[in-house]
Amino acid sequence: MSSAAVGSANLLVQATLESLLANYPNRRDAKARTDRLLAAALIECAEKGYSNTTVAGIAKRAKVSTASLYASYKDRDALLVAAMELLFAIMAGDVIEVPVVADPVARVEQLLLAHGEVYAQPLTAWLCRLHATLAMSGYPHLRGIGLQIFQGIDAFWRQFLADLVAQGHLAALDLDIAIPLLLGPVERCTIIAALGCGGNEDGRPALAAVARHSAQMLFRLWDPAAPHSPVMTGASATEALLGEAAASSLGPMGRLEEELRRQPLRQTPEGQKDRIVLAAAAAAGSQSYSAISVQALAALARVSTATIYKHFRDKADLFTHALEGEFARQTRPLAQGALQAAEPDSTAAIYSLAAQALHADWAWMHHLMMASELSGSSRVAAVARQHRQITEAHLAAVIAARPGGDVLSAAQTALVVNFLSGSVERTGLLALILFGEEEVNRRGLAVQASVVSATLDVLIAAKTP
């Protein structure tokens, strides 16, 4: 199997999959047969996409009969789940080696770069999307397994940072604050960008620059000689605001179904189209993309399937329209604020980032993007990039309005924006996409929003190139 044959899934575990697929000693070796099936399932899915992966294709690649496959797994998804469990086990055993360099700042920088390079691999984003798809298709236990992997990564960094403190390189620090603050910017410019925007973004800071900036900020904030340790300013108040924001949202099913009930049945063609889009958004709030049928959407919208196909080319086209409309609705206030605010408020701007992860209105959009072939759509990626650009423009206005912020170069501003957003998006958005709303740490999200707001002046003063 060549790299080209695997398509987007080509690094990280390629050698392992090749080895498993090649293991064909004899027909009676049950373990070898299982390993081939698991490897074949992942390779097929990587090449053809989730929707186009078939039992027949997997069996042919694994050189087993479909009857043999069904003897072990009830269906395609059950086999893919077992394959994902195998991959998680492989990934759990991979630990990045700590660089052997004397300078502690360089050591952190190189380790962050290695950490980011893992997330920058196309296969990592592909695995995360498959993970989200299967978790929403009736296998929620995968979220727990994935969460263990991320917790293992955090445990590695906890020990690494604790060693730097013990060696006197860093002042005593709160690891629950420091780890998201350190890893978030790196993950934002790699895996979060890939999952949300396809990874093809112009003008974003490079991974190497982000790793250097994060390492330097770590030692600036927790310098033993003159510590500027972040202080939680108003974290309780922020948490209360986040709680109120979450409680005030009806969520997609509540808000959208209420709108559907209020609309008259007899409408103009445009009115019918709006009803169909509302029905798609409402359905996506509680079901996986693959489980939603056009017939079910027609019943929810109280129109015929012919009416749906009159307005939309297919199901993917319909859901893309739904995403475009909802992103526009959600980002309109932020866009207007970025353009109209005479004195942008940094706390409010960062709070708005954090609050999104607690809104069910945002949850369904991100889950739909990740757990379907729509994640590879150029239209959907463009919508996500536009939202990201609006958010970053607002934060850039906040930075420019602070003392000294107006003298930062465009590259420096981009690094500061990435740093400000990273820990909040890691604690909120990334957890939301991969593990679901129940695993979003509300208290941690409030703390990170408060800390990065309090850190802004230090970031501006650093003027890191």
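The model is predicted, and a search of the whole structure finds 16 salt bridges in it. Side chains of opposite charge can pair when their charged atoms come close.

**Packing of α9 and α10**

- Helix α9, which spans residues 141–166, packs with helix α10, residues 175–197, at an angle of about 110°, and their axes lie 10 Å apart.
- Because angles of 65 to 115 degrees count as roughly perpendicular, α9 is roughly perpendicular to α10.
- On the α9 side the contact is made by Asp154, Trp157, Arg158 and Leu161, while α10 contributes Leu175, Asp176, Ala178, Ile179, Leu182 and Leu183.

**Salt bridges between sequence neighbours**

- Arg76 and Asp77 join their side chains in a salt bridge with an N to O distance of 3.1 Å, and both Arg76 and Asp77 are buried.
- Arg313 and Asp314 form a salt bridge at 4.0 Å, N to O; Arg313 counts as exposed because its relative accessibility is 62%, whereas Asp314, at 31%, counts as partly exposed.

- The side chains of Asp457 and Arg402 meet in a salt bridge of 3.0 Å, N to O.
- Asp457 belongs to helix α22 (residues 442–462) and Arg402 to the loop between α20 (378–401) and α21 (410–435), so this pair ties together parts 55 residues apart in sequence.
- Asp457 counts as partly exposed at 40% relative accessibility, and Arg402 counts as partly exposed at 21%.

Notes
Residues are numbered from 1 along each chain as its sequence is written. This is a predicted model: local features need pLDDT of at least 70, side-chain atom pairs count only at pLDDT 80 or more; totals for chains, interfaces and linings use all residues. Side-chain values use heavy atoms; hydrogens and water are left out. Axes are lines fitted to C-alpha atoms, for helices over the stretch in contact, and angles run from 0 to 180 degrees between N-to-C directions. Helices (H or I, at least four residues) and strands (E, at least two) are DSSP runs, numbered from the N terminus. Angles under 35 degrees count as roughly parallel, over 145 as roughly antiparallel, 65 to 115 as roughly perpendicular and the rest as oblique. Contact means heavy atoms within 4.5 Å. Buried means under 20% relative accessible area, exposed over 50%, partly exposed in between (1.4 Å probe, protein chains only).
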